[in-house]
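This briefing covers one protein model.

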Amino acid sequence: MKLHTPAALLLAAFIAVCIGRTIISNGDFSSGDTQWTFGDYRNVADGRVVDGEYRIDISTAQQEEWAVQLMQSGITLSDGKNYELTFDAYADTDKTIVVSIGPGVSGDISVPITPSKMTCSVAFSTQNGNAHSCRLDFNMGKISGMVALDNVVIKEFVPEPDTTGLPEKDCSFPTASRYPFGIKPSNFTQSQMNRHCMDWFRMWKEKYLTQQGCRSGEYRVQRIETGDSNTHDTVSEGIAYGMIIMVYMHNDSNDTQGYFDGLWNYYCRYKNENNLMTWRIYSDGTMHFPGGAATDADIDAAHALFAAHRQWGSSGSINYFDQATGLTSSVLQHEISDNNDVRPGDSWDIGNPSYFAPAVFKQFETLTGLSRWGDIAGHTYSTIVDYYFNSDETYNSEFDMHTGLLPNWCSYEGGEQSPGEWAMDYNSFWWDACRFPWRLGYDYLLHGTTNSDYAQTNTARISRFFKEKCNGDPSKICSHYTLDGRETSWNGSPNPHLGTEDTMNLAGFVGSIAVAAMVDEDRQWLDTLYARLVELPMCETGVNWGTDYFCDILKMLYLLVLTGNMPDFYSSFEVDDDVGIDKKSTILPPDEKFTQPIMHRAGNRITMIMNVHGIQQHSGAWLFDLEGKSIATPFPPTVRQAGRYCATVDGSELSSGMYFAHIHIGDRSYRQSFSFLN
């Protein structure tokens, strides 16, 4: 809830189109107190109409908000609609009253009132089953003094985009945008980076997108390994990530709208009473437990829906914009606390830094006209992020620096707090927290430091720490760290086997740190990180805990951000066609450079030509696919001379896609990725 002046409401990026007459009767009190009921249950207050306003005078504050109420019953609302309650109010001193529409519609909403008369605005939505005859309550039992109310209105509204200010942009893949802030990798051309996205998308979709266990018109993202007997299940996070991937990967030759709609249809089938998807669904369609939602999934799904409106419009079978605004309203009601803390779901409370998505909060603020989203972004930056920024817990004595790392779970103010034994090493930089650099980095790339300076300073700090820690070698990045940056490993309950993957070099961490390097604008480190991320194959840890699914889907999201293919569709993003000015591989030491392999095909013969500088001795090369499978036996060079390497291989079975050339030079071995079009 936010307070707005009428002028501020008019300046919102989206206008409210009101439908029909107001739902409140006698909201201006022109007919006295007709239709209104005053409740004074402790005999401490007096309520009456004075000069066309309803005035309440309270002599003594009570322990219950409901001890003093002004109410109107018999308010009829429709299922699945968006509404706005507005009213004018002032008081003798600063006070807070509590507003609710119910039962079971809005919850209790705290509204600050000042001595200056102002218009207060509360947005809320109805879900299936709760739009019966409702009652509006103004509760003020815990205060004393005077409060005056007037011009009470509830109207249905449908936010509509103000398209006059939107740029004429093609949002189809590849957008290849230049972000307003930060840098992009330069060791590949934009065309090559676009191909990295497309190649990975096709492999990811083939493995994880399925209609098994779905109804007609539905798709789901399956987790191949889950840590228990319910394998091939689906979580709401995967549905939301899949929606983001589909909307940003769409173009005329890669039509993903049907997949997007199918994922959203699946999400909608498992909505709970709060209009939010239950977080885990087994492969047979049964729920892990009814009711519980996951906030990060609901936020990401709303982000994808807004992007879908810009990509495809909302005149088809799904009104993407209407669904997005309804979903953001449900998130505000059920997954954001009264203090603007980001809750982990709609049924419990604790802090999870990786659920904090300030980039899209800023977008929601613009698209819904509710400035509270900006307040939420600023609040978490000023609590959790601020707490750890200079905390002793994040100081690394070896490098005399703070790491910038945040834990999987913590309190809302920052500090150690466990959600339960199932979270295991909750106070470490692990499988939730690994997304934090990506979340903060994406905020900086789109908005700079609008939400907070920490979007830059904390994210850059993470990049610098890992560069020092790993001596500039991204293959040394592990998958589990204490907050002060020490490698650690888990061997406790309920899954002691997780420790075996803690030392692995996996995309979930490498890609997130690469986004952090974009913020720090360390081009050499970024290029090296990006090259490492690209060459990592489909994840096969051998540990049955969902890590493979998680790394593979995160890699797709990271690639979209890193390559400039996840801009804000509602901003004036610019196409970036000058990436790749440095075509040299950053994998090699600076005194040993070679160009990326150039591939030619004539019939079944593929020729690989590589210019090598400063190296006289050659041994051979091998071709591998992304999963590390050899697709050609070792072949000797047909031309062997200083500065040039040329070899051929039988390519009759080679299809279009991304591959790796393993080049052996003397006693050293190098790996270079390349794309091949059949």
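The points below are grouped by topic.

The model is predicted: local features need pLDDT of at least 70, side-chain atom pairs count only at pLDDT 80 or more, and totals for chains, interfaces and linings use all residues. Residues are numbered from 1 along each chain as its sequence is written, and side-chain values use heavy atoms, with hydrogens and water left out.

**Overall**
- The protein has 13 helices and 29 strands, taken as DSSP runs (helices H or I, at least four residues; strands E, at least two) numbered from the N terminus.
- Of its 678 residues, 60% count as buried (under 20% relative accessible area; exposed is over 50%, partly exposed in between; 1.4 Å probe, protein chains only).
- Contacts (heavy atoms within 4.5 Å) between residues at least 6 apart in sequence join residues at least 24 apart in 72% of cases.

**Histidine 250**
- Histidine 250 sits in the loop between α3 (236-248) and α4 (257-269), and it counts as buried because its relative accessibility is 11%.
- Beyond four places in sequence, its contacts include Ser172, Phe173, Gln311 and Trp312.
- Its C-alpha lies 8.4 Å from that of cysteine 171, 79 residues away in sequence.
- The side chain of histidine 250 reaches the backbone nitrogen of threonine 256 at 3.3 Å.

**Helix α7**
- Glutamine 363 belongs to helix α7 (residues 358-368) and is buried at 7% relative accessibility.
- Leaving out residues up to four places away, glutamine 363 touches His303, Phe306, Asp568 and Tyr570.
- Glutamate 365 is also found in helix α7; with neighbours within four places set aside, it is in contact with Leu370, Ser371, Trp373 and Gly374.

**Aromatic rings**
- The structure holds 41 aromatic pairs (rings of Phe, Tyr and Trp, the last by its six-membered ring, with centres within 6.5 Å; planes under 30 degrees apart are stacked, over 60 edge-to-face, the rest tilted).
- Phenylalanine 29 and tyrosine 54 form a tilted pair, 5.6 Å centre to centre with 45° between the planes.
- Phenylalanine 29 is buried at 2% relative accessibility, and tyrosine 54 is buried at 2%.
- Tryptophan 348 and tryptophan 422 pair edge-to-face, at 6.1 Å and 65°.
- Tryptophan 348 is partly exposed at 28% relative accessibility, and tryptophan 422 is partly exposed at 46%.

**Charges over rings**
- Arginine 461 lies over the face of phenylalanine 389, 3.7 Å from the ring centre (CZ of Arg or NZ of Lys within 6 Å of the ring centre and within 35 degrees of the ring normal).
- Lysine 555 lies over the face of tryptophan 200, at 3.7 Å from the ring centre.

Methods
A polar contact is a pair of N or O atoms within 3.5 Å; within protein, one must be able to donate a hydrogen and the other to accept it, and residues adjacent in sequence count only if both atoms are side-chain atoms.
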